[in-house]
Amino acid sequence: MATNVGLVTVQVRDLVRRYDDRAVLDGLDLAIEPGEFVALLGKSGSGKSTLLRALAGLDHDVDGSGELAVPENVSVVFQDSRLLPWARVLENVVLGLGGADERGRKSLEEVGLAGREKAWPNELSGGEQQRVALARSLVREPELLLADEPFGALDALTRLKMHVLLRKLCAAHQPAVLLVTHDVDEAIVLADRVIVLDAGRIVAEETITLPAPRSAADPGFAAVRSRLLDALGVAV
Amino acid sequence: MSATTLPGLRPRTASAPVVRRRRLGPGKPIRFGAAIGPVLLLVVWSIGSATGWIDQRVLSAPWTVVTTAGDLIADGRLQSNLWTSAQRALIGLAFGIVLGVVLALISGLSRLGEAVLDGPIQIKRAIPSLALLPLLILWLGIGESMKIVTILLGVFVPIYIHTHNGLRTIDSRYVELAQTVGLSQWEFVRRVVLPGALPGFLLGLRFAVTGAWLSLVVVEQINSTSGIGYMMELARTYGQTDIIIVGLVVYGILGLLSDAVVRLIQRRALSWRRTLAS
């Protein structure tokens, strides 16, 4: 895999992924610039997760072809926090980093969990667990952050708080981000660019230029949202 | 409730009796309930012995058993036999644990290992270890090595089965995580595989400990010259039921104690789990 820093962080050309002869990704092209926040929308089965897993290098046994250039340093945040239940919070954050405890502590502080280093994951709430997962991803200073519906399992209020946190963290660490989500509002609030996937191809793309903080009350917001919903095949 | 009052019209005052439903569950736990059965048994045994209803030749009186135990401790026979037995059990247990864990790791982490190892071990599992005794005696004689190997064979199977099962039921999501954070094979084993298989291993250990004592009893009654089982076997030839009972009590205490130790280890090693229950 070639690193292409300076130009683009992610370069995908004509990517095809097949399950049982059904093309889940069908000649997909995508480029993500350094520090760019891209949200990926799509119906269930549109190939969102398949694309993310391909970028994460987790599709070992999947049949396919195409060109795929991603940086060496990629972090993944999953829908579940995926913390090892038998490792304390700090151990989870620095998993595989060896001797990075100090960095891990700082990272926990960044996500507002200073002082919880010694807690077991089971003692934390769902939102706190997901914040630990964010700390685990960002302590590695990734060039690319892949997030697969990271807030999907959280309640609405926690989710709003996580949006604010994620924006803050991305501003501080400047990774390129690919966020897979079901939530159109979440995509508009967070991303620089929203792409809509359908049947394994990109069918719509919106560059979001709304000023921060973005609010659903903004007329521009509503316009973008209705165009995206349209692309998703939802009649409003 | 009087027969003339309709249930719906009964005035609901503070003093009106609430209709109590019949309780269907077993109800509240009895304090020290676990002790009642054994104590009752002891009482029946004592009364039977005191009244002569139980023949002393069939079953010695509880007080005879206690004084015999005192005598055996005073002349050192109980301690030395207990030490021999404990040594056998511990050595067999230790080797069995190592063997079980190593085999479980090989077979749990590689498909080839599983293909080669799992079948024979499942076959071994179907054969009771004690049924192998004639063969083991032919191969190893009747010395210590035969005894330890017999115990080992009874121990490694439950360790293997439960550790292997623990390994294989580690959530694949954690394997995926290990890949995304770039763990090396060794780190993967240390951080994910071993801790993930620990609950299974400890369950296997509980079975293994029980199995070790079981095998011990049998091997010690075959051509032994020391050990609790030998002491009991010797007592049988002289019709000393009191010594036999002392041996049984010792086995019982050892079994209970070792299970308690394993459960303690379990609680401490799996404290991340206890938080769920508390």
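Reader: In the contact between α2(B) and α3(B), which residues of α3(B) meet B:Ala69, B:Leu72 and B:Ile73?
Author: First, a bit of housekeeping: this is a predicted model, where local features need pLDDT of at least 70 and side-chain atom pairs count only at pLDDT 80 or more, while totals for chains, interfaces and linings use all residues. Residues are numbered from 1 along each chain as its sequence is written, with chains lettered from A and ligands numbered from 1 in the order in which they are written. Helices (H or I, at least four residues) and strands (E, at least two) are DSSP runs numbered from the N terminus, and residues are in contact if their C-beta atoms, placed from the backbone, lie within 7 Å. By that test, the partners in α3(B) are B:Arg77, B:Leu78 and B:Gln79.

Reader: Is α2(B) roughly parallel or roughly perpendicular to α3(B)?
Author: Take the angle between N-to-C directions, from 0 to 180 degrees, of lines fitted to C-alpha atoms over the stretch in contact. For residues 62-74 and 77-109 of chain B it's about 80°, with the axes 4 Å apart. Under 35 degrees counts as roughly parallel, over 145 as roughly antiparallel, 65 to 115 as roughly perpendicular and the rest as oblique. So α2(B) and α3(B) are roughly perpendicular.

Reader: And what about α3(B) against α9(B), which orientation is that?
Author: Here α9(B) covers residues 228-238, and the angle is about 130° with the axes 7 Å apart. So the pair comes out as oblique.

Reader: Which residues of α9(B) make that contact?
Author: On the α3(B) side you'll find B:Arg77, B:Asn81, B:Leu82 and B:Ser85. Facing them from α9(B) are B:Ile228, B:Tyr230 and B:Met231.

Reader: Which helix gives the largest share of the side of chain B that touches chain A?
Author: Across the two chains, 16 residues of chain B are in contact with 14 of chain A. At least two residues on the chain B side come from each of α7 (172-180), α8 (185-220) and α11 (271-277). The largest share, 6 residues, belongs to α7(B).

Reader: Over in chain A, which residue of the hairpin of β1(A) and β2(A) takes a positive phi?
Author: The two strands pair in the antiparallel sense over 8 bridges, where pairing needs at least two DSSP bridges. A:Tyr19 has A:Arg22 as its bridge partner in β2(A), and there are 2 residues between the strands. With phi near 50°, the one you want is A:Asp20.

Reader: Is A:Asp20 buried or exposed?
Author: A residue is buried if 20 or more other C-beta atoms (placed from the backbone) lie within 10 Å of its own, exposed if 12 or fewer, and partly exposed in between. A:Asp20 has 6 of them, so it counts as exposed.

Reader: Which residue takes the positive phi in the hairpin of β8(A) and β9(A)?
Author: β8 (193-198) and β9 (201-207) of chain A run antiparallel, joined by 6 bridges. A:Asp198 has A:Arg201 as its bridge partner in β9(A). Between the strands sit 2 residues, and the positive phi, near 50°, falls on A:Ala199.

Reader: How many other C-beta atoms lie within 10 Å of A:Glu141?
Author: Most residues other than glycine have a negative phi. A:Glu141, in the loop between α4 (126-138) and β6 (144-148) of chain A, has a positive one near 45°. It counts as partly exposed, because the number of such atoms is 13.
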